[in-house]
Amino acid sequence: MKIDLTDTTAGEINKALIEGRRAIGTPAVGMVLTLVIVTDEENAYDALRAASDASREHPSRTLVVIRRVSRTPRDRTTSRLDAEVRVGAEAGTGETVVLRLYGEVSDHADSVVLPLLLPDAPVVVWWPVNAPLDPAEDPLGALAQRRVTDTYAAEQPVRELAARAETYTPGDTDLAWTRITPWRSMLAAALDQVDCEVRSVEVEGEEFNPSCELLAMWLADRLGVPVQRSLSSGPGLTAVRMETTCGPVVLDRADGSLANLSIQGQPGRAVALQRRDTAELIAEELRRLDPDDTYAAALRYGVERLSMGADAVAALGGTPEKGARDEVVTEVAVAESEAGTEEGEAERPTPKDLARKAASK
């Protein structure tokens, strides 16, 4: 059932939701959370379709906020709210309200959304595109326990990761991080099968894919070893190669579907590592609403620190011994802590300077 409302209010939308539930014979509210999608007209259909599919696992009230661009100065001073209310088969297993905001009201979307939130239920805000620089400080993000962005949709994804690290607030998450959950699980399971020390790691994938950087930062943070980022034609992540004291451990996925796991001394095995669609990613994020400390640690490791460590190891002419490797990593960390120098202080050492200094010791 679909109800169209023109130049309406939040009160009228709530009445339409009640009437719609009664009309289809389900007066009780069976939703477990409110999902607020902030997007534009171009991406609204795909985002709403993904949310509808995810609602089969997480019945929710979905509020789609679309800020319409006013063409003339007169239109920009005129506020109007149009709504499209969907219940029953039109909205999957939950309720959907598409809100189109015109004029000045588009700058106060939180005042429109607040009366429509389910009482005593968690709130999740998702920006499929054009996420704010600081999601927690955004008026809509301030209403939520969980804030979902997607750096893959940014024009400069790697730079976006650095910005996300600076503004991180518990409850923030990124679909670029969610995409690597199967990779993290598979790599952790592979290391559980061997009793070896990891010496170095190489992460291979597309150039402008922030999931590759996030996986590399996670490995560098957890293993404390140099991680090199290399490029491939994709799709997405294509391989992770770990050099250990027992030989190489390689997880290679060339076709974006089936991967091959090879461990020294064991037969190779094929593992399913299918690239997942947006609906699966959103469903995974809605399963947990507490802060993701693992994501926070990987994000705060830093893209710049990741590249510095890899450059230092390359300058040493390959994988160093454990003592030299630890010294390189330590000196890189010290250099970064002193990076924020004021004018007149010594210049920041380059990765090659750090490598030469470590090699001479």
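Predicted model: local features only at pLDDT ≥ 70, side-chain atom pairs only at ≥ 80, totals over all residues.
Residues are numbered from 1 along each chain as its sequence is written, and side-chain values use heavy atoms, with hydrogens and water left out. Local features need pLDDT of at least 70 and side-chain atom pairs count only at pLDDT 80 or more, while totals for chains, interfaces and linings use all residues.

**Disulfide and cysteines**

The structure holds one disulfide, meaning a pair of cysteine sulfur atoms within 2.5 Å. Cys196 is joined to Cys246, with an S to S distance of 1.7 Å. The pair links distant parts of the chain, 50 residues apart. Cys196 lies in the loop between helix H7 (181-192) and strand S9 (198-205), and Cys246 in the loop between strand S11 (237-244) and strand S12 (247-252). Helices (H or I, at least four residues) and strands (E, at least two) are DSSP runs, numbered from the N terminus. The torsion about the S-S bond of Cys196 and Cys246 is about -110 degrees, so the disulfide is left-handed.

The table uses relative accessible area: buried is under 20%, exposed over 50%, and partly exposed in between (1.4 Å probe, protein chains only).

| Residue | Relative accessible area | Class |
|---|---|---|
| Cys196 | 23% | partly exposed |
| Cys246 | 40% | partly exposed |
| Cys212 | 0% | buried |

**Sheet**

An open sheet of eight strands runs in the order S1-S4-S5-S3-S2-S6-S7-S8, with mixed pairing. Two strands pair if DSSP finds at least two bridges between them. Strand S1 (2-5) and strand S8 (172-174) stand at the edges with a single partner strand each, so one side of each has no neighbour in the sheet. Strand S7 (residues 146-149) pairs with S8 in the parallel sense over three bridges. Arg147 stands opposite Asp172 in S8.
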